[in-house]
Amino acid sequence: MTELTLAAVDLGASSGRVMAARVGPGRLDLTEVHRFPNRPVRTAGTLHWDVLGLHAGILDGLRAAGREAGRVDGVGIDSWAVDVGLLDADGELLGNPVHYRDARHATAVPAVHAAVPPEELYAVSGLQHLPFNTVFQLAAARGSARFAAARRALLVPDLLAYWLTGAVGAEVTNASTTGLLDATSRQWAEDLIARLGLDRGLFPPLRQPGDRLGELTAEVLEETGLAGPVPVVAVGSHDTASAVVGVPAATDRFAYVSCGTWSLSGVELDKPVLTEASRAAGFTNELGVDGTVRYLRNVMGLWLLQESQRTWAAHGLPAELPDLLAAAAQVPAFTAVIDPDDARFLPPGDVPARIAAYCAERGQTPPQSQAETVRCILDSLALAYRRTVRAAVELSGRDVEIVHLVGGGARNTLLCQLTADACGLPVLAGPVEAAALGNVLVQARGLGVLSGGLPELRALLTRTQDAQLYLPRAGTEAAWDAAGARVGIAG
């Protein structure tokens, strides 16, 4: 068979979707067949993911993919990282996974660092310190009845694949976000797990992108109306791992910004950077497809804009994104700037009020309108990308000639131009659906319809997907330097 019809399940922090792709050596077509909400639910003071609702949405999407394409030849799942579902001895889920934005996780940080100092954690896992990393989630859950009954810990895409196939495993790109994987050996860090008093049995066998996890069960086939057998293939199950596969890079001298609710910005390397300077700069070494390392830093991302829109809508104010962006483009640059990675912006809530308070504390005039708030967010994100790209180059030694901006942010023409100006580099924006495209490319190779390494997969992207080039405008370097200095974002 020279072409396959593949279903890419791509789960984001606010919605999930199933994409149907037709893939072959000269073809890569992608169609959204089903989208469904991903709404966190707070119960008894704890913020959870509605993972059963996500499973139902996936089943609906697979049914829609079958109707759209006539058949489905394979399925792959990618999602956000770090959050886990705990299974009991019977393989049953012990409650919905706790959301990474729940405040409980940070309470375990001191105990974890007392057992394994942060410098040692980084030297092994290479993971940027974030208070919701899986290692802290598991430590925070310890002592609960739920944790005492747990026999397996499955990251969200692994849990959903388990429900589709009955097979238990941990895909390596997402496992690398736990803080419990050795970034050099790409295996579970046995010593760290032991020192933290965690049961090694919680952590299932590792799977590589392209591995066949199993096939849709008879129950799932009946529910979706699909004709079996339908293999489920491990992809870069961390959505950023799939998105980086979906970067249409022509050489290895590129930086990327995978821009969605979070922005993940960095470079692709052959080996991790585990220096103290790297740790101090907040860089992470997450594993990628084909033995690569995603050397990157998390930036707060479009969450700031999304939360602002929610706040404005709740107060009956206009919140349509095209109108907000058009108005923001008329606001002078750097009217106000923030450090988007300030911890105050992490929880849900009134982001515009927090931005105003941040500016007032630092002697800046707070934004006076919605347009000024949006412009502040976009200028500040571009500053953060500038800082991250330049630091990645310095710390890794990897030369960069172009920035690839992929994901939903590639539609935001103002942000793309500001990123080019801030970085002083060309920005190639697109594809928007980089994560889903990377998902289906790895599936297609695993199922034998494509061959070659990342350069060959990316060459197919270049031939089949649209992208927009933005060139940096001259004479703006000093203004970006001055803006960054106001909030300590050195470039």
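1. A hairpin of three residues links strand β1 to strand β2, where helices (H or I, at least four residues) and strands (E, at least two) are DSSP runs numbered from the N terminus. Strand β1 covers residues 4-11 and pairs with β2 in the antiparallel sense over eight bridges, two strands being paired if DSSP finds at least two bridges between them. Within this pairing, Val-9 has Val-18 of β2 as its bridge partner.

2. Before going further, note that this is a predicted model, in which local features need pLDDT of at least 70 and side-chain atom pairs count only at pLDDT 80 or more, while totals for chains, interfaces and linings use all residues. Residues are numbered from 1 along each chain as its sequence is written, and side-chain values use heavy atoms, with hydrogens and water left out.

3. On its other pairing, β2 meets strand β3 (residues 27-37) in the antiparallel sense over 10 bridges, and a hairpin of two residues joins β2 to β3. Arg-17 stands opposite Arg-35 in β3. Strand β2 itself, residues 15-24, is mostly covered, as nine of its 10 residues are buried; buried means under 20% relative accessible area, exposed over 50%, and partly exposed in between, with a 1.4 Å probe and protein chains only.

4. The largest nonpolar core holds 145 residues, and the members that touch the most others are Val-75, Leu-164, Leu-180, Trp-188 and Leu-304. Helix α15 (residues 370-396) gives the most to this core, with 12 residues. A second, separate core has 24 residues, including Ala-8, Val-245, Leu-447 and Leu-450. A nonpolar core here is a set of buried Ala, Val, Leu, Ile, Met, Phe, Trp, Tyr and Cys residues joined through side-chain atoms within 4.5 Å.

5. Which residues does Leu-304 contact, leaving aside its neighbours within four places in sequence? They are Ile-338, Pro-340, Phe-345, Val-351, Ile-377 and Leu-381, contact meaning heavy atoms within 4.5 Å.

6. Val-487 lies in the segment after α19 (477-486) and is buried, with a relative accessible area of 11%. Leaving aside neighbours within four places in sequence, Val-487 is in contact with Val-337, Ile-338, Asp-339, Tyr-358 and Gln-364. From Val-487 to Pro-118 there are 369 residues in sequence and 26 Å in space, C-alpha to C-alpha.

7. A search of the whole structure finds three cavities of 30 Å³ or more. On a 1 Å grid over the protein atoms alone, a cavity is a set of points where a 1.4 Å probe fits but cannot get out, and lining residues have an atom within 4 Å of a point. Grid points are joined across faces, edges and corners, and a volume is the space filled by probe spheres set on the points.

8. The largest cavity contains about 130 Å³ of space. Its lining has 16 residues, of which Pro-157, Asp-158, Ala-161, Glu-171 and Leu-213 are the closest to its centre. Helix α6 gives the most to this lining, with four residues. By class, the lining of the largest cavity has 11 nonpolar, two polar and three charged residues, where Ala, Val, Leu, Ile, Met, Phe, Trp, Tyr, Cys and Pro count as nonpolar, Asp, Glu, Lys and Arg as charged, and the others, Gly among them, as polar.

9. The second largest cavity contains about 70 Å³ of space, and among the residues that line it are Val-84, Arg-104, His-105, Gln-137 and Arg-146. Helix α4 gives the most to this lining, with three residues.

Terms used:
On a 1 Å grid over the protein atoms alone, a cavity is a set of points where a 1.4 Å probe fits but cannot get out, and a pocket is an open set with protein on both sides within 12 Å along at least five of seven lines; lining residues have an atom within 4 Å of a point.
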